[in-house]
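Me: I am new to this structure and would like a close look at a single part of it. Could you take me there and then show me how that part fits into the whole?

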2 protein chains.
Amino acid sequence: MQDLFENISSKNKEKLLKLLKVNTVLYTKNVNILSNVNRDNFIGIVDEGCLQIVFNDYNGNSVIIEELNENEIFGNLISSINSDDISCITKSNTKITYIDYDDIINADIVKNDFYIIFMQNLLKILGSQLNSKNERIEILTKRSIRDKLLEYFKILSQKKGSKIFTLPFTFIELANYLCVDRSAMTRELKYLKNEGFIKIDGKRVSLLY
Amino acid sequence: MQDLFENISSKNKEKLLKLLKVNTVLYTKNVNILSNVNRDNFIGIVDEGCLQIVFNDYNGNSVIIEELNENEIFGNLISSINSDDISCITKSNTKITYIDYDDIINADIVKNDFYIIFMQNLLKILGSQLNSKNERIEILTKRSIRDKLLEYFKILSQKKGSKIFTLPFTFIELANYLCVDRSAMTRELKYLKNEGFIKIDGKRVSLLY
DNA sequence: TGTAAAATGTTGCAAATGCAACATATATTT
DNA sequence: AAATATATGTTGCATTTGCAACATTTTACA
């Protein structure tokens, strides 16, 4: 994953952090950080840990919008999620750095020559964010549970570079990520196993094709 | 929609365009521009017209990944769509400007003071791209055809600021955008009409709630 | 370590959806 | 204006999926 401060010396990084007036917060596991997020024109960077952006449907379904790991960003500068019922849940001890958009385009900061590198890094991170959104869309465009599972497995397998990989989710979460009924998903996984397409041992999945 | 050259004087814009080595191409309607897109590390900007990014499924389903209008961008710098069977179809006479990523971070260009404004504009555009991806995801996470339709209508209605709006798609395209069967969608629209939720006249939709 | 809570697995059944095969309407082209 | 292509509307039927209600297993924690 891309680092926001790549190619910036630690000295300049310190200077930059000051100019950006960053605000770093440590959270414990299973905390809803929504209250800190509920403002506009900022980005949050997951420095350590894991954060899930979850939408709670009026039907009682919860949908995992995205799962953010180290160096991934979120926030309303970049992506305003316009729903009321979004929560951001830490999945482990998580360190998050907040930056206000106004501080990113501030006149003082612009004068430094490392600013350009910073902006280029930010650009790259946004690009990879767009990539993961596209992945998500590609999964959700599949019409059947089977195709959603296979598409998601394909992506995990490609990232790992192996036919064997570990699910980053519980099966409940996986169903919420794929937006399907959990029991129907379990059934479909059983069929995929019986038909010899996959092998599953706990969260460890092997593709047999 | 955000403009990539906002707050840059026309003189500087010309200079910038030269430094970026932009390449502007005019296409007629219903042209597949894929051949020009099939390379990495570039962005394309839709200056005029409309472009649809379409994925053709092995099931024979085609899925509208996104529809890009004036000032929207696409390309592999920013969002590598990893599938083989993507096509980019112009929906009208369309003017597209291509920029290579290498030219964006080129050492010469970086020296100009308008470069920062350019980068900030690019950042904003990427942000709004992320927004539309989020919208798309929010629609696709809905589990029923009805909820997908209503979510999409809600978004169109919000954008227009009115309960009455015009679909930018044919119904065939709408079904491909929502990733549902067209006839099943027509049926659901009929139910929504009968139950008094909506009124439809051609591509003109009114929300009655 | 024992107990409660959470996760996983299973199944019958109803509802939603996709599919196919049409009819009709509208748009485009010659 | 006729002919063709494209878009829209409809319906029966098979399949998939969601839902509910469980049993079983695993995990968390008091």
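Reply: N71(B) counts as partly exposed, because 17 other C-beta atoms lie within 10 Å, while a buried residue would need 20 or more and an exposed one 12 or fewer. Please keep in mind that this is a predicted model. As for its place in the chain, N71(B) sits in the loop that runs between β4 (62-68) and β5 (73-74) of chain B. Its backbone deserves a look too: phi of N71(B) is positive, about 75°, although the residue is not a glycine.

You will find C179(A) in the loop between α7 and α8 of chain A. C179(A) has 19 C-beta neighbours inside 10 Å, so it counts as partly exposed.

Together with L178(B), L178(A) has the most contacts inside the largest nonpolar core, which has 78 residues. Setting aside neighbours within four places in sequence, the contacts of L178(A) are I139(A), K148(A), L149(A), Y152(A) and M185(A). As a general background, nonpolar side chains tend to be buried together in soluble globular proteins.

Now let us step back to chain A as a whole. Chain A has 8 helices and 10 strands, and 28% of its 209 residues count as buried. Among its contacts with a separation of 6 or more, 72% join residues 24 or more positions apart. Chain A is divided into domain 1 (10-132) and domain 2 (145-207). Between these domains, 4 residues of domain 1 of chain A are in contact with 5 residues of domain 2 of chain A. The domain 1 side of that meeting has 2 nonpolar, 1 polar and 1 charged residues.

How do the two chains meet? On each side the count is 27: 27 residues of chain A are in contact with 27 residues of chain B. By class, the chain A side divides into 16 nonpolar, 8 polar and 3 charged residues.

The chains are related by a rotation of 180° with 0.0 Å of shift along its axis, which superposes chain A on chain B with an RMSD of 0.0 Å. That is the relation of a two-fold axis. The copies meet through the same surface, because 100% of the interface residues of chain A are also interface residues in chain B.

Finally, let us visit the DNA. DNA strand C is surrounded by 17 residues, and the closest are T170(A), F171(A), S183(A), S144(B) and D181(B). At least two residues of the surface near DNA strand C come from each of α7 (171-178) and α8 (182-194) of chain A, and from each of α6 (145-160) and α8 (182-194) of chain B. The largest share, 4 residues, is supplied by α8(A). By class, the residues near DNA strand C are 5 nonpolar, 6 polar and 6 charged.

Definitions and conventions:
Residues numbered from 1 in each chain as written. Chains lettered and ligands numbered in written order. Predicted model: local features only at pLDDT ≥ 70, side-chain atom pairs only at ≥ 80, totals over all residues. Contact = placed C-beta atoms within 7 Å. Nonpolar A, V, L, I, M, F, W, Y, C, P; charged D, E, K, R; others polar. Near = placed C-beta within 6 Å. Least-squares fit on C-alpha atoms with pLDDT ≥ 70 in both. Domains from an automatic or database assignment. Core = buried A, V, L, I, M, F, W, Y, C linked by C-beta atoms within 7 Å.
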